[in-house]
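Okay, thanks for coming, everyone. Have a look at the structure on the screen, and then I'll walk you through it.

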Amino acid sequence: QTQRVLASPPLPFYYISRSKCIMSSSQLSNPKAVWFLGAPVSKAIVITAVVTYIVAEMNKLHQALIFDTTKIFDHAQFYRIFVCNLTFGSMGELIFGLLALCPLLRRFEREMGSRKFGAFIVYTSILSTVMELLFFNIFFDIERYSGPYPQLGAVLGLFHKFTPRMHPKFFGVL
């Protein structure tokens, strides 16, 4: 009797091992891969920003999301400390902010792992909020518009540090 040999199914993009998503380097740089595959923290940040913007736009709550130190300390509106980094203030900021955030968040979450990246995002958010509270309360009496700008700055810092240069240094002036 002859036996028929069945071909094994193709391997998935990733496999789960000890609750850590492991992806090959070819999948990390593949632009056709699923957008948020292996990046649940990035997906949560983007969905939170979009849903919070829609809710704030429908209920005219953008003024309640602004980081205003006078309202925080004088009127005891401490919720502003927590909600100021949730969404952007306008549709243009939302579109361009997410265009900048999405690829960078995905990339660094896939490289660092979800737990380490989530801890990094929480750490930078807390540190930037505390620094803004101190800095704006001591030196300035202005309000800062809402948005995940600390996260954007953090991933741009990671991009600057860990992405290799595309041109040699001898072309630069300095």
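**The pocket first**

So, the lining of the largest pocket has 12 nonpolar residues, 6 polar ones and no charged ones. The classes here are: Ala, Val, Leu, Ile, Met, Phe, Trp, Tyr, Cys and Pro as nonpolar, Asp, Glu, Lys and Arg as charged, and the others, Gly among them, as polar. For pockets, we use a 1 Å grid over the protein atoms alone: a pocket is an open set of points where a 1.4 Å probe fits, with protein on both sides within 12 Å along at least five of seven lines, and lining residues have an atom within 4 Å of a point.

Two notes on the model before I go on. This is a predicted model, with local features needing pLDDT of at least 70 and side-chain atom pairs counting only at pLDDT 80 or more, while totals for chains, interfaces and linings use all residues. Residues are numbered from 1 along each chain as its sequence is written, and side-chain values use heavy atoms, with hydrogens and water left out.

Back to the pocket. Its volume is about 360 Å³, meaning the space filled by probe spheres set on the grid points, which are joined across faces, edges and corners. There are 18 lining residues, and the closest to the centre are Phe 82, Asn 85, Leu 86, Ser 125 and Gln 151. Which helix gives the most to the lining? That's α6, with 8 residues. α2, α4 (79-83) and α6 each supply at least two. Helices here are DSSP runs of H or I with at least four residues, strands are runs of E with at least two, and both are numbered from the N terminus.

Now Gln 151, which sits in helix α7 (residues 149-162). Buried or exposed? Gln 151 is buried, at 7% relative accessible area; buried is under 20%, exposed over 50%, partly exposed in between, with a 1.4 Å probe and protein chains only. Skipping residues up to four places away in sequence, Gln 151 touches Asn 85, Leu 101, Ile 121 and Ser 125, where contact means heavy atoms within 4.5 Å. Others buried in α7 include Pro 150, Leu 152 and Leu 158, and the cover over the buried residues of α7 includes α5 and α6.

On to α2, residues 40-59. This helix has 20 residues and reaches 28 Å from first C-alpha to last, close to the 28 Å expected, that being 1.5 Å times one less than the number of residues. Its buried residues are Ser 42, Ile 45, Val 46, Ala 49, Thr 52, Tyr 53 and Ala 56. They cover an arc of only 135 degrees around the axis, so they end up on the same side of α2; the arc is taken from the directions from the helix axis to the C-beta atoms. As a reminder, an α-helix has 3.6 residues a turn, so residues three or four places apart point the same way. What covers the buried residues of α2 includes α5 (91-112) and α6 (114-138). Just after α2, Lys 60 takes a positive phi of about 55 degrees.

Last stop, Ile 72 in helix α3 (residues 69-74). Ile 72 is buried at 0% relative accessibility. Beyond its neighbours within four places in sequence, Ile 72 contacts Phe 67, Gln 77, Phe 78, Arg 80, Ile 81 and Leu 133. Leu 133 is 61 residues away along the chain, with the two C-alpha atoms 9.3 Å apart.
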